[in-house]
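This briefing concerns the contacts between the parts of the structure shown below. Please read it alongside the sequence and the model.

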Amino acid sequence: MNSDKPLVEVKDLSKTFVLDNSLVQRMLGKKPRFLKAVQRVNLDLERGETLGLVGESGCGKTTLGRCILRLYEPDEGHVFIHGIDIICLNNAALRQARRKMQIVFQDPYSSLNPRQKVGQILGEVSLVHGICTQAEVNSRVEYLLNMVGLGTDIIDRYPHQLSGGQRQRVGLARALAVEPDFIVADEPVSALDVSIQAQVINLLVELQEKLHLAMLFITHDLRLVHYISHRVAVMYMGKIVELGPNESLFAKPLHPYTMALLAALPHLDPRNRSAAPAIQGEPSSPINIPAGCSFHPRCPYAFEICAREEPKLTKIANGYFVACHLITSRN
Amino acid sequence: MTELLTVENLSTHFITQDGIVKAVDGISFSLGAGQVLGLVGESGSGKSMTCRSIIRLVPAPGKIVDGKIYYQGENLLAWPENHMRQIRGREISMIMQEPMTALNPVLSIGEQIVETIIGHENTTKVEARKRSAELLKLVGIPSPESRLDEYPHQFSGGMRQRAMIGIALACKPKVLLADEPTTALDVTIQDQIIRLILDLQVEFGLSVLWVTHDLGVVAQICDQVVVMYAGQIMEITNVIDLFENSRHPYTCGLIESIPNGSAREGKLISIPGQTPNLLTLPEGCPFEPRCRFSVNDCSKGKISLKLVSPGHFSACIRIDQLWN
């Protein structure tokens, strides 16, 4: 393993969904529409690091997470894991590579096979990937359950017999069963009650540190992303608009969208109430992305070039990148 | 402060195959005129069912089994349904969490607002349509005239919620029950909707009962807060005391478990255990199994609210020992 390169390197990743393109629709003369979900995204991630990927619905963060793992096939770009471009791998090689990268899904109710008991869910994944032999499976399952703070009393239970928090822990155990280096956590606690979220978050942080995992943490929850991340990437309409160290980004956000996002977060202080909304309007449709900067129709600072030219994600300081004409022109 | 709505000892139970689920179990609180009261709790707390009980839209097999709900001095639970139907939508209105499922998908937005107006007032369709356009404008929907003929699926999530607020306010109600109206929305849209409801509240002199699990929203908009757990009230107080002087371990636990700052500064203080199973609630305080401070007496008898200071009530029997 090349230790100067990051564990995960995403280069120019793009994904466009084609709509209205079925046979019937084409026969009716309908033209297909193109939903640009992810546009030329560049990212990297080191071992032991959590990169928080934050944005609102429709920004492409979930699609990006799935493209990185090739759960969706990207249309363009590369994903290097340990220096190997997984986009080019055939099925057999990809299955091997999948041991190194796993996902924890948002919905604890649909992400576990309802017809398998917990013991089978965790046992199967260990056997399929050759982590242990049939004889070792029971102790392996016990070890995994222990790791996520669950007791062996749930081995014979079906998912519907577990609480949301327990299911999410099982999902996490399943992801960790193959001993990956890289985990994509896609809104892993959003479907859980607030009092349970903290438990699962503590577990995630603990495991990440213990196992020195690289984690891409996808969420819309700003407080959570600030809590858990080392670095943060902000996405808007398929592109990364700001990427930098957690503390700096939250202390002094640079991109107007990041500023609006942080201003919109309701303060936990009843003595500090803001009067005006942080931002007007809504995001444009991803089928009809505005020319130039996709944020310019809502940006209070937009000027002439913003409607014409798309701003590139530019380095403005060590480890800090912004895609904004206003910021880059100042520099 | 005049009390517009007073809930007294309300109990709403669901009789199921597996047993009786006491979704709301003996709760009492008041909503003052022009006030924003937050009803805070997690899933299973009974907060949504409380709203539905107030507007008498409890789904089967649920039933309001006990208590009174005084609206302007009269017990609305005693009214016949046709009287309640006149009040519902006209004096007491409700907006839901998921506007896509709450709006009728086969009627245009305009038709739904007109339907509400004509159902309650003696007016023509033309007049009602004109008012509908004004309402859409009031709730911040651009080009309201043309959007009246569009269907809910043609609106974004934020727009649908605005439309639902428009429908709820069509007949200028006195009380607005808002059941997690911004939970399904993005944070920037949530911010806009919160400001909209507050502006309308001032303009119309509304009293609002806002159901949420989000303490940030509570901090920004509520005057008074009722904290619920497993169908019962844990604490009632004003919003400032909620954050600065809470007197119940559950409330404190909720506030402490909100991520604040970064993981490098320390673990999140979580509430141990799981959310309660309403079929197998223990005797005594429902929060006892998860409470750091529980003692033997906590699992005995029924809990009741005790006065902490004027307007501040807590159901914890250990207030004096835990806070001094």
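Chain B is assigned domain 1 (3–229) and domain 2 (249–322), with bounds taken from an automatic or database domain assignment. This is a predicted model, in which local features need pLDDT of at least 70 and side-chain atom pairs count only at pLDDT 80 or more, while totals for chains, interfaces and linings use all residues. Residues are numbered from 1 along each chain as its sequence is written, and chains are lettered from A and ligands numbered from 1 in the order in which they are written.

**Domain 1 and domain 2 of chain B**

- The C-alpha centres of the two domains of chain B are 29 Å apart.
- Domain 1 of chain B and domain 2 of chain B each give 11 residues to their contact, two residues being in contact if their C-beta atoms, placed from the backbone, lie within 7 Å.
- On the domain 1 side, β2 (19–32) and β9 (224–229) of chain B are the elements that give two or more residues; helices (H or I, at least four residues) and strands (E, at least two) are DSSP runs, numbered from the N terminus.
- The largest share of this side, 4 residues, belongs to β2(B).
- By class, this side of domain 1 of chain B has 5 nonpolar, 3 polar and 3 charged residues (nonpolar: Ala, Val, Leu, Ile, Met, Phe, Trp, Tyr, Cys and Pro; charged: Asp, Glu, Lys and Arg; polar: the others, Gly among them).

**Chain A and chain B**

- Chain A contributes 37 residues and chain B 34 residues to the contact between them.
- On the side of chain A, at least two residues come from each of α7 (194–211), α8 (222–228) and α10 (256–264).
- α7(A) provides the largest share of that side, 8 residues.
- The side of chain A that touches chain B comprises 20 nonpolar, 10 polar and 7 charged residues.
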